[in-house]
Amino acid sequence: MTSEKKCAGCGVVLQDENVLQEGYTTSLENDICQRCFRMKNYGEYQAVAKSNDEYLSILKSVGETKDLVLYITDLLNIDKNIEEVRRLIPNKMILVLNKKDILPKSVKEEKLISYFKNLGLDFEEIIVVSVNKNYNIDYLLKRIKYYQTSKNVYAIGHTNAGKSSLINKLIKNYSDKTQELTMSPLPSTTLSTVTIEINDYLTLIDTPGLIDNGSILNIVDAKMVKKISPLKEIKPRTYQIKKNQSIIIEDFLRIDYVDGVKNSFTLYVSNSLKVKRLLNAANHEDLKELNKTSYDVVFGQDLVISGLGFIKMVDKCNIDVYLDKNVEAFLRKNLI
Ligand SMILES: Nc1nc2c(ncn2[C@@H]2O[C@H](COP(=O)(O)OP(=O)(O)OP(=O)(O)O)[C@@H](O)[C@H]2O)c(=O)[nH]1
Ligand SMILES: [Mg+2]
C-alpha cells in the first residue's frame with residue numbers, strides 16, 4: 001500500500017509494497033522510510049538517482065509564494081546557480097554561507113561576504129554560519145524573524161549544502177520537537193519537501209537540493225565520498241610550482257604546469273586526500289588517460305573542481321587538467 005504519509009526524514013511518500021522503490025518501509029506505522037532508517041542508524045548511505053525536474057518545480061512553487069527563502073550554499077562548493085535561482089524567484093532571500101568551520105580560521109568573514117556582494121545579486125543579507133559548530137545560528141534566527149513575511153520559511157540550495165542539517169539545528173535549539181531530518185554526505189538525501197513547525201511563528205520547509213551533475217561525488221564510491229567531504233578545518237597545502245611540474249590528487253586529478261613563471265598553488269581540499277607533486281612531469285604518464293582540458297589562468301584565479309574544493313593560484317599561467325569527463329572544473333576569481 002502507498003499512503004499519503006510522507007517520510008519524516010526525507011519527505012518521500014511511504015509505501016510498503018516494493019523494497020526496491022523509494023519510500024519503502026516494512027510498515028506504514030513507521031515515520032521514516034527504510035533508506036532514512038539505515039542512514040540514521042547505521043551510517044549506511046544509499047544514493048538515489050534524481051533528476052532536477054522536481055527541484056525546478058519546487059522552486060517555481062516557492063516563487064509563487066511571498067515567503068522568505070534561505071538560500072544555503074556550502075563555502076567549499078559554492079554553486080554556480082545562485083545567480084540563476086535569484087533571477088528565477090522574486091522572494092525575499094537570505095544567502096546563508098555554510099560550513100565556515102572547514103575553511104581555515106584565518107579566513108575573514110568580511111572577505112567571504114564581499115565576494116558574494118560583488119556578484120551584484122539582491123539579498124536581504126548574507127550570513128556566514130557553521131551548522132556543525134553552531135556558529136551564528138542565533139543571529140540567523142534573529143534575522144529570519146526580522147525578514148519573514150509569513151510563518152513559512154523555505155530552505156533551498158544545492159544538494160549537500162546543509163539545508164537539512166541547518167533545519168535540524170534550528171529544531172534542536174529552538175523547539176521542543178523531536179523530528180530529525182535525514183542528513184548525509186551523499187547527494188540527494190532529501191527527496192521531497194518536508195514541513196516542520198518550529199513554533200507558533202515559524203514553520204521551516206526543507207527541500208531537495210539541486211543536483212550538481214558535474215560533481216566528483218557522483219563518480220566515486222561511498223568510501224571516497226567520505227574522504228572527499230571534510231569534517232574539520234582544512235589545512236591548506238601550498239606548493240611552489242614551475243614549468244614541467246605537476247600536482248596529483250589521489251587517482252582522479254592531475255594538473256600539469258605547462259607554462260608560466262614560478263607560481264604558488266594552494267589546495268583547499270580535504271586533509272584526508274593524498275596529494276603529490278611530480279618534479280619532472282614529462283617522465284610520468286600517471287592519469288593521462290583522463291580527459292584533458294587546458295586553461296589560460298589570469299592573475300588571481302581559483303581552479304574549482306566541483307564537489308572536491310578549489311586550488312588558489314597566484315600568478316597567470318597555462319595548465320592542463322586531467323579529470324574524469326563527467327566532472328566539471330572551472331576558473332573563478334580568488335575566493336580568499
Ligand atoms: N563541516 C561541516 N559539514 C556540514 C555542515 N553542515 C552540514 N554538513 C555536512 O554536509 C553534508 C550534507 O548535509 P545535509 O544536511 O544532508 O545537506 P542537504 O543540503 O540537506 O542535502 P540534500 O538533502 O541532498 O539536498 C552532511 O555530511 C553534513 O554533515 C557544517 O556546518 N560543517
Ligand atoms: Mg537534505
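1. Of the 25 residues around the ligand, the ones that come nearest are Gly162, Ser164, Ser165, Thr190 and Gly209. If you want one element to look at here, take helix H6, residues 163-174: with three residues, H6 gives the most to this shell. Keep in mind throughout that this is a predicted model.

2. Now the six-stranded sheet. Read across, the order is S5-S4-S3-S6-S8-S7, the sheet is open, and the pairing is mixed. At the edges you'll find strand S5 (125-128) and strand S7 (194-199); each has a single partner strand, so one side of each has no neighbour in the sheet. Going from one strand to the next, the twist averages 25 degrees.

3. Staying with that sheet, H6 turns up again. Helix H6 packs on the sheet and touches strand S3 (68-74), strand S4 (93-98), S6, S7 and S8. The direction of H6 makes about 25 degrees with that of S7.

4. A closer look at one pair of strands: S6 (residues 152-157) and S8 (residues 202-206) run in the parallel sense, with four bridges between them. Which residue in S8 is the bridge partner of alanine 155? That would be aspartate 206.

5. There is also a five-stranded open sheet, in the order S13-S10-S11-S17-S14, and here the pairing is antiparallel. Strand S13 (275-278) and strand S14 (291-297) are the edge strands, each pairing on one side only. The twist in this sheet averages 20 degrees from one strand to the next.

6. Within that antiparallel sheet, S14 is joined to strand S17 (residues 317-323) by seven bridges, and the two run antiparallel. To find your way along the pair, look for aspartate 296, which stands opposite asparagine 318 in S17.

7. Most residues other than glycine have a negative phi. Asparagine 134, though not a glycine, has a positive phi of about 55 degrees. Asparagine 134 sits in the loop between S5 and helix H5 (137-147). It counts as partly exposed because it has 13 C-beta neighbours inside 10 Å, and the partly exposed class lies between the cut-offs of 12 or fewer for exposed and 20 or more for buried.

8. The other one is asparagine 244, where phi is near 65 degrees, again a positive value in a residue other than glycine. Asparagine 244 is in the loop between strand S9 (237-241) and strand S10 (245-249). Its 15 C-beta neighbours inside 10 Å make asparagine 244 partly exposed.

9. Last, lysine 60, which lies in helix H2 (residues 53-63). Is lysine 60 buried or exposed? With 11 other C-beta atoms within 10 Å, lysine 60 is exposed, since 12 or fewer puts a residue in that class. Lysine 60 and aspartate 176 are 116 residues apart in sequence, and from C-alpha to C-alpha they are 32 Å apart in space.

Terms used. Residues numbered from 1 in each chain as written. Chains lettered and ligands numbered in written order. Predicted model: local features only at pLDDT ≥ 70, side-chain atom pairs only at ≥ 80, totals over all residues. Near = placed C-beta within 6 Å. Pairing = 2+ DSSP bridges. Axes fitted to C-alpha atoms, helices over the stretch in contact; angles between N-to-C directions. Contact = placed C-beta atoms within 7 Å.
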